[in-house]
Amino acid sequence: MATRMSEALQHLRKVLFAQDGAGLSDGQLLDRFIEQRDEDAAAALVRRHGRMVWGVCRRVLGNHHDAEDAFQATFLVLVRRAAVIAPREMVGNWLYGVAYQTALKARATLTKRRIRERQVAALPEIEGESRHIQRELQVLLDQELSRLPSIYRIVILLCDLEGRTRREAAQQLGVPPGTIAARLTRGRALLAERLTRHGLAISGGALVAALSEQAAACQPMKAVSSTIKAVSSFAAGQASTGMISAQVAAITEGMVKAMFLSKVKLATGIVLVLAVTAAGGFIYQTQAGGPGEDSPRVEQKKVDDARAAALKALEQFSKSEQPNDREAAIKALVDFRRELRAEQARKAAEDNVRQIRERKLASATRNLDDLFPFRVLIELGAAEYHEGGKLEILEVWGTRPRIEVGGQYLVRGKYKLPPGEKRGKIYFYATAGGAWGGITTTLDLQSTAVYKPEGEFTLVHGMLGEGKFHLVLADPERYSRPFANVYFGTGDNVLRKKSW
């Protein structure tokens with residue numbers, strides 16, 4: 001008794017599914033097939049979208065038998081690639097694209113046969129203008145429809161090519177009927193505009209009539225039946241050999257391979273973008289230097305780690321094509337994007353601070369130009385260098401044209417620390433007091449600490465009494481250990497030779 005009841009329920013279920021999916025949405029049918037390998041759900045998708053798929057294949061290929069092969073191959077690709085369809089409610093949109101590409105590939109492989117058939121065919125009859133326009137419209141319709149934005153293409157597919165009402169399309173896509181109406185109007189207008197570019201001036205009403213005529217074409221029941229058997233066999237985990245022709249099998253394999261290569265190309269493009277980003281991060285990192293920059297390096301490491309995780313997840317997905325690996329790859333890419341944006345925001349903040357400093361420096365430079373209007377032609381006197389250290393005076397600007405008592409001077413120069421030394425100090429010493437060891441009271445910036453092996457420096461110094469300009473580069477911990485001494489000035493205030 002229980003067995004009979006189970007068989008009755010199973011039969012009832014098949015009858016309900018035979019009625020175009022028993023009210024389930026495309027996404028729900030696809031979920032049932034992916035998660036339960038439900039062959040009735042797959043068969044319902046074939047019945048639901050068969051007319052649209054058949055119309056595409058028939059228009060592109062023309063030949064009835066070839067259209068049947070492409071029709072079967074399209075749905076075999078569906079059951080083999082169901083897990084990668086996203087969003088799942090857009091099955092019709094996805095099927096249209098696969099059907100169009102499948103038909104194009106099938107037509108390409110049959111080109112030679114088509115040429116031979118045309119050579120032996122009878123002369124074509126003279127066609128009327130309306131018939132000629134209709135033939136041109138069939139050729140161009142799918143070409144331009146496939147190029148429409150998806151939000152417009154899907155409503156044309158559902159309403160015009162599958163014959164659904166706007167309310168049914170709204171339920172399918174989860175949007176208000178008014179949105180469907182607006183998108184349908186806009187989509188038809190865009191399609192008519194694209195066809196006009198090919199010299200087919202067609203009104204909106206004529207386009208709707210043409211689409212309705214295409215939708216009215218019924219798919220052959222033999223092709224539908226054999227396709228349902230093939231996809232049901234695949235869903236049950238059985239080989240479909242004997243149910244499909246070698247030509248259908250070849251077309252299916254070609255499309256699956258082409259879609260995989262397309263995904264690999266996409267992943268490769270993402271990898272290249274990540275690689276370029278990595279190169280940019282490396283350039284930024286190598287430009288950074290000096291003390292107090294550990295934080296940028298930590299932030300850069302976060303970006304590098306997120307990039308590596310994204311690349312690993314993409315590689316795993318390209319190998320497995322499993323839904324969980326796909327979700328992991330998407331999450332890894334989202335994480336990388338978040339870290340990258342955080343790093344970009346930090347760099348933008350740093351750039352803003354740098355620009356403020358540059359503006360302040362430019363303002364200070366203008367002030368310095370006003371403060372030190374005279375370029376001083378200096379003479380170098382005595383100099384001595386120890387352990388490989390060096391000082392070089394590049395230019396001197398002053399409040400007076402000569403170095404003399406009462407003047408104030410801006411000094412620019414270059415330095416080089418001895419090998420192995422990590423820091424030093426540059427300062428003026430015993431300059432204008434006359435007594436050895438006495439530090440003259442001067443302006444600020446009369447000394448500076450340096451942390452790089454070599455570089456440039458700028459100091460400001462005043463001449464408050466008689467004396468000589470004496471610049472020192474020394475060990476900041478032991479001033480008695482100088483790395484370089486340089487005397488310079490103008491005229492008689494230059495120490496040309498040390499006498500001690």
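Good morning, colleagues. Please bear in mind throughout that the model is predicted.

I begin with the overall composition. The protein has 15 helices and nine strands. Of its 500 residues, 39% are buried. If we take the contacts with a separation of 6 or more, 70% of them are between residues 24 or more positions apart.

Let me turn to a pair of helices. Two packed helices are described by the angle between their axes and the distance between the axes. Here the pair is α2, residues 26–36, and α3, residues 39–61; their axes come within 8 Å and cross at roughly 145°. The crossing of α2 past α3 is left-handed. Which residues of α2 meet α3? On the α2 side they are Asp26, Leu29, Leu30, Arg32 and Phe33. On the α3 side, their partners are Ala41, Ala42, Ala44, Leu45, Arg48 and His49. Sorted by class, this contact holds seven nonpolar, one polar and three charged residues. As background to such lists, an α-helix has 3.6 residues a turn, so residues three or four places apart point the same way.

The next element is helix α8, which covers residues 150–161. The cut-off for buried is a relative accessible area under 20%. The buried residues run from Tyr152 and Arg153 through Ile154, Val155, Ile156, Leu157 and Leu158 to Cys159, Asp160 and Leu161. After α8 comes Gly163, which has a positive phi, near 75°.

Glu144 and Arg147 are joined through their side chains, with an N to O distance of 3.4 Å. Glu144 has a relative accessible area of 3% and is therefore buried. Arg164 and Glu162 form another salt bridge, at 3.1 Å from N to O. Both Arg164 and Glu162 are buried.

Arg197 and Glu193 form a salt bridge in which the closest N and O atoms are 3.5 Å apart. Is Arg197 buried or exposed? Its relative accessibility is 61%, so Arg197 counts as exposed. Glu193, at 40% relative accessible area, is partly exposed. There is also a network of salt bridges, which links Arg375, Glu395, Arg412 and Glu456. Altogether, the count for the model comes to 25 salt bridges.

I conclude with a sheet. In general, strands of a sheet pair through backbone hydrogen bonds, either parallel or antiparallel.

Thank you for your attention.

How values were computed
Residues are numbered from 1 along each chain as its sequence is written. This is a predicted model: local features need pLDDT of at least 70, side-chain atom pairs count only at pLDDT 80 or more; totals for chains, interfaces and linings use all residues. Side-chain values use heavy atoms; hydrogens and water are left out. Buried means under 20% relative accessible area, exposed over 50%, partly exposed in between (1.4 Å probe, protein chains only). Helices (H or I, at least four residues) and strands (E, at least two) are DSSP runs, numbered from the N terminus. A salt bridge is a side-chain nitrogen of Lys or Arg within 4 Å of a carboxyl oxygen of Asp or Glu. Axes are lines fitted to C-alpha atoms, for helices over the stretch in contact, and angles run from 0 to 180 degrees between N-to-C directions. A crossing is left-handed if the near helix is turned anticlockwise from the far one by less than a right angle, and right-handed if clockwise. Contact means heavy atoms within 4.5 Å. Ala, Val, Leu, Ile, Met, Phe, Trp, Tyr, Cys and Pro count as nonpolar, Asp, Glu, Lys and Arg as charged, and the others, Gly among them, as polar.
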